[in-house]
Amino acid sequence: MTYSDDFRPSERGLMMAVRTLLRELHEPGRPHVDPATAAAGLPDEPPEEGLGGEAALRALSPVAFADVSRLDHPGFFAHMDPPTPWHAWAAALWAAATNQNLLHPDTAPAARALESRLLGWLAPKFGMDGGHFVPGATVANITALWAARELTGADQVVASSAAHLSVEKAARLLGMSYLELPVDGEQRIRADLLPDDLRRSILVLTAGTVGTGSVDDLTTGAGAAWRHIDAAWAGALMLSSHSEVLDGLELADSVGVSLHKWLFQPKGSAVVMFAEADRAHRALTFGGSYLAAPNVGILGSRGASVLPLATSLLAWGTKGIGARIDSCMTAAASLADLIAADPALVLWRRPLTGVVNWRPAEHDAMAVRSRLEDAWVSTADIGGQRWFRSVAANPCADPATVVRAVRDAMTSHQ
Ligand SMILES: Cc1ncc(COP(=O)(O)O)c(C=O)c1O
């Protein structure tokens, strides 16, 4: 018995997989599959005799695509999860097929060089001089705070109540105390409440809070031992015509950006960048006798998420990426206009970074949301009240479709 055929591409199998993907994701009117029961057809135990690749994919397709959100649907104006371009999927397939390990230059010499090249493209746009790839902004935040603690000896993390939970998670992991400051009416950190002495504190400011897309004053906290900016969501605006929203970001010691949010990348793709990357990396470097190159940061083995990113940057260019983000910002502004003009709806604030918070004036927001047809919104708590949250991560979203669906859902039970 030889297994070499397992690792040679089966053109027929691959074509079948691609056809299934296109049919399930892009043919309109696919029957609804209940996600709770989608896996019910699978055996209770892993089968003793394998089904073979094609049959396995066929058996799993109802699970893989069960009621999956079409992130490019005109009615999808909901989460921070963007649709991903087809060329990024293709590059992700290459990365999976070659399965290079960027921990080892031996298996991934070119992909490691590609990472350096892309960081050379990206970091200067944020006023940083380098960094490294991580699987998400949670890891970016933990990594940045780890470097900060190592380099400054700080023992406290300060952030606002609107900061992402990963900031407190990082503080706890690193054995640091956590000071949470209140926010103002725009969900920005109350800079007037910052402690006078921040010499032993890492200050985390947010550019695009998870609930409302608010941006802290990025110039605040000059006396802090370290200033980290969590730009998971809004960092992408640096590539758009709205970069002024991020004024002051270049003053930070470190910045984290999720590429799997507004840079349209498959998960998990993010970057942590430093003003002095060599110094930060030295603090996070571990050698190992089995490694040809030192291990920097939290991750050990990791794949080439840089390939899809490089593909998107080449396919669209920075101008093309900026144009897509700009069109998302325009859609958010149009959605806000429609809401503001409708007395049956309430707009929280004009959106700053493509996150629109709104709700029905009279009806229960959650009940209306549960009745939405062919439209999707997420939710956020603001000051103890539940609001819709419409995130402009989908360049194909149509504001009028979403408002119409909400209006229909408001009247459908009257
Ligand atoms: C502001 C902010 N920071 C961090 C995160 C965590 O990012 P990830 O889910 O990529 O780990 C998020 C996720 O929504 C976020 O909005």
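Asp67 sits in the loop between helix 2 and helix 3 (86–98). Asp67 is not a glycine, yet its phi is positive, at about 55 degrees. This is a predicted model.

**Backbone**
- Most residues other than glycine have a negative phi, and most peptide bonds are trans.
- Against that background, Asp67 has a positive phi.
- A cis peptide bond links Lys267 to Gly268. Omega for this bond is about -10 degrees.
- Gly268 belongs to the loop between helix 7 and strand 7 (270–274).

- Thr138 places a polar side-chain atom 2.7 Å from an oxygen atom of the ligand.
- For Ser258, a polar side-chain atom lies 3.1 Å from an oxygen atom of the ligand.
- On its own, the ligand has 390 Å² of accessible area, and the protein covers 85% of it.

**Ligand site: the shell**
- Two elements give two or more residues to the shell around the ligand: helix 5 (137–152) and helix 7 (259–262).
- Helix 5 gives the most, with three residues.
- In total, 14 residues surround the ligand. The closest are Ala137, Thr138, Asp230, His260 and Lys261.
- By class, the shell has eight polar, four nonpolar and two charged residues.

**Helix 1 and helix 2**
- Helix 1 covers residues 11–26, and helix 2 covers residues 53–64.
- Their axes come within 10 Å and cross at roughly 10 degrees.
- Angles under 35 degrees count as roughly parallel, so helix 1 is roughly parallel to helix 2.
- On the helix 1 side, the contact is made by Arg12, Gly13, Met16, Ala17 and Thr20.
- On the helix 2 side, Glu54, Leu57, Arg58 and Ser61 make the contact.
- The residues of this contact divide into three nonpolar, three polar and three charged.

Technical notes. Residues are numbered from 1 along each chain as its sequence is written. This is a predicted model: local features need pLDDT of at least 70, side-chain atom pairs count only at pLDDT 80 or more; totals for chains, interfaces and linings use all residues. Side-chain values use heavy atoms; hydrogens and water are left out. A residue is near a molecule or strand if one of its heavy atoms lies within 4 Å of it. A polar contact is a pair of N or O atoms within 3.5 Å; within protein, one must be able to donate a hydrogen and the other to accept it, and residues adjacent in sequence count only if both atoms are side-chain atoms. Accessible areas come from the Shrake-Rupley method with a 1.4 Å probe; for residues, only the protein chains shown count as cover. Helices (H or I, at least four residues) and strands (E, at least two) are DSSP runs, numbered from the N terminus. Ala, Val, Leu, Ile, Met, Phe, Trp, Tyr, Cys and Pro count as nonpolar, Asp, Glu, Lys and Arg as charged, and the others, Gly among them, as polar. Axes are lines fitted to C-alpha atoms, for helices over the stretch in contact, and angles run from 0 to 180 degrees between N-to-C directions. Angles under 35 degrees count as roughly parallel, over 145 as roughly antiparallel, 65 to 115 as roughly perpendicular and the rest as oblique. Contact means heavy atoms within 4.5 Å.
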